[in-house]
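Open the model in your viewer and keep the sequence panel beside it.

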Amino acid sequence: MDLLNTLVDKGLRRELPTREEALAVLATSDDDVLDVVAAAGKVRRHWFGRRVKLNYLVNLKSGLCPEDCSYCSQRLGSTAGILKYTWLKPDEASKAAAAGLAGGAKRVCLVASGRGPTDRDVDRVAGTIKAIKEQNEGVEVCACLGLLSDGQAERLREAGADAYNHNLNTSESTYGDITTTHTYADRVDTVTKAHAAGLSACSGLIAGMGESDEDLVDVVYSLRELDPDSVPVNFLIPVEGTPLAKEWNLTPQRCLRILAMVRFVCPDVEVRIAGGREVHLRTMQPLALNLANSIFLGDYLTTEGQAGKADLEMIADAGFEVEGAEQVTLPEHRATAGAGCGSHEGGGCGSQESAGCGAHEGGGCGSHEDGGVCGTAPAAAPAPAPAAVATAAGEARTDLVAVRRRGAGTDLAPNA
């Protein structure tokens with residue numbers, strides 16, 4: 001297929017595809033999906049070999065968020081039966097992080113629900129970062145706390161944070177349909193602040209919210225311009241009790257095409273399969289490792305993920321290897337010169353001239369697991385069983401959506 005040959009050549013040169021080419025990837029048929037995966041896989045292997053970076057989420061503060069992000073189970077007005085608790089103490093967060101690191105995670109993502117941190121919150125997170133780094137040499141720490149005020153990114157950097165996550169989630173033109181309590185420009189501003197402070201920027205998207213192909217291409221091109229080092233791709237987890245609970249618009253093949261498009265547009269950036277892979281990719285998850293070079297290990301913010309042991313077995317069975325702490329994730333030109341996945345000289349993710357840690361579950365300020373970012377609290381009442389919904393994309397798999405009842409905020413061992 002001439003399209004795929006062209007995209008491979010451009011990917012190896014870090015050249016920006018045209019919008020028409022990116023849209024054409026999303027428009028390919030299910031019959032061609034293996035060809036698409038094989039082509040994008042060449043680009044992935046050129047820049048990242050067969051390494052898979054493992055990331056681990058710690059939800060520092062769950063629920064009770066004043067923002068109204070439609071995809072998020074922690075949102076204002078959510079009736080989802082999720083865990084709700086206030087800030088974990090540094091030793092509690094460090095203990096939770098240790099479980100993921102023992103399972104092979106290289107980066108810990110510290111997420112907190114809310115519009116954004118107060119200065120006191122930044123001090124609190126700084127103490128948690130210090131505790132984690134004192135007990136785990138070489139660990140990377142990414143903070144995901146919502147919208148940042150002036151000076152807060154610098155303070156997180158001084159405290160030892162390596163990265164900051166804030167997802168764009170969807171295109172600028174449709175952002176107001178998803179969230180009304182803050183703007184797309186607010187999110188771009190926070191990613192820019194993280195960059196300026198010397199933090200590695202992590203910013204991604206959520207697919208499956210009813211967006212068009214054009215919306216998906218728009219947000220990925222905006223991300224390329226923003227130049228994040230990592231792009232989490234979340235697949236909406238339709239959690240009962242949220243406005244998007246009935247949005248079952250994805251098939252495994254659709255998810256693979258989306259990941260391939262992201263890889264072609266940002267060929268040498270860390271592409272992370274975040275929340276929703278278990279729900280929407282299902283048995284085709286191993287194929288997605290040919291497109292993305294990073295995943296979350298274990299559970300997400302408010303929903304459960306695949307068993308950590310199963311994640312590791314999947315990576316090995318698919319012929320990949322877990323990236324070690326001593327290995328540098330990014331290609332040399334990005335890691336040493338701050339260059340992005342763009343084609344311009346010195347370049348960022350942009351064509352020369354955007355963004356939580358991204359585990360969708362929810363997308364949010366943080367990590368879609370569901371969104372996110374929005375002490376131990378008592379467990380919330382079990383969520384009501386959602387009714388199955390049939391869509392054009394296929395039958396809803398509500399049986400695969402389980403509210404997290406273990407790990408941070410509980411007395412039970414985490415899934416790592």
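Select Glu 278 first. With a relative accessibility of 12%, Glu 278 counts as buried; buried means under 20% relative accessible area, exposed means over 50%, and partly exposed lies in between (1.4 Å probe, protein chains only). The side chains of Arg 277 and Glu 278 form a salt bridge, with 3.8 Å from N to O. A salt bridge here is a side-chain nitrogen of Lys or Arg within 4 Å of a carboxyl oxygen of Asp or Glu.

Before going on, note that this is a predicted model, with residues numbered from 1 along each chain as its sequence is written. Local features need pLDDT of at least 70 and side-chain atom pairs count only at pLDDT 80 or more, while totals for chains, interfaces and linings use all residues; side-chain values use heavy atoms, with hydrogens and water left out.

How many salt bridges does the rule give? The count is 28.

Select Asp 218 and Arg 19. Their side chains meet in a salt bridge of 2.7 Å, N to O. Asp 218 belongs to helix α9 (residues 213–226) and Arg 19 to helix α2 (residues 19–27), so the pair links distant parts of the chain, 199 residues apart. Helices (H or I, at least four residues) and strands (E, at least two) are DSSP runs, numbered from the N terminus. Asp 218 is partly exposed at 26% relative accessibility, and Arg 19 is partly exposed at 31%.

The charged end of Arg 19 sits over the ring of Tyr 221, 5.9 Å from its centre. The rule for this is that NZ of Lys or CZ of Arg is within 6 Å of the ring centre and within 35 degrees of the ring normal. For another example, select Arg 50 and Phe 320: Arg 50 lies over the face of Phe 320, at 4.2 Å from the ring centre.

Now select Glu 323 and Lys 106, whose side chains form a salt bridge of 2.7 Å, N to O. Glu 323 is in the loop between β10 (321–322) and α14 (332–337), and Lys 106 is in the loop between α4 (90–102) and β2 (107–112), 217 residues apart. Are these two residues, Glu 323 and Lys 106, buried or exposed? Both are buried.

To see a network of salt bridges, select Lys 53, Arg 107, Glu 140, Glu 270 and Arg 272, which are linked in this way.

**Aromatic pairs**

The whole structure holds two aromatic pairs. Rings of Phe, Tyr and Trp (its six-membered ring) pair if their centres lie within 6.5 Å; planes under 30 degrees apart count as stacked, over 60 as edge-to-face and the rest as tilted.

Select Tyr 175 and Tyr 184. Their ring centres are 6.1 Å apart and their planes stand at 70°, so this pair is edge-to-face. Tyr 175 and Tyr 184 are both buried.

Next select Phe 296 and Tyr 300. The centres of these rings are 6.4 Å apart and the planes are at 75°, so the pair is edge-to-face. Phe 296 is buried at 0% relative accessible area, and Tyr 300 is buried at 3%.

**Cysteines**

Select Cys 202 and Cys 142. What keeps Cys 202 from forming a bond with its closest cysteine? The two sulfurs are 5.0 Å apart, which is too far. A disulfide is a pair of cysteine sulfur atoms within 2.5 Å, and the structure has zero disulfides by this rule. Cys 202 is buried at 1%. Cys 69 is another buried cysteine, at 3%.

**A helix and a strand**

Select residues 252–265, which make up helix α10. This helix has 14 residues and spans 20 Å from its first C-alpha to its last, close to the 20 Å expected at 1.5 Å a residue; the expected span is 1.5 Å times one less than the number of residues. Since 13 of its 14 residues are buried, α10 is largely enclosed by the rest of the structure.

Then select Tyr 56, which is in strand β1 (residues 51–61) and is buried at 5% relative accessible area.

**The whole protein**

Finally, select everything. The protein has 14 helices and twelve strands, and buried residues make up 62% of its 416 residues.
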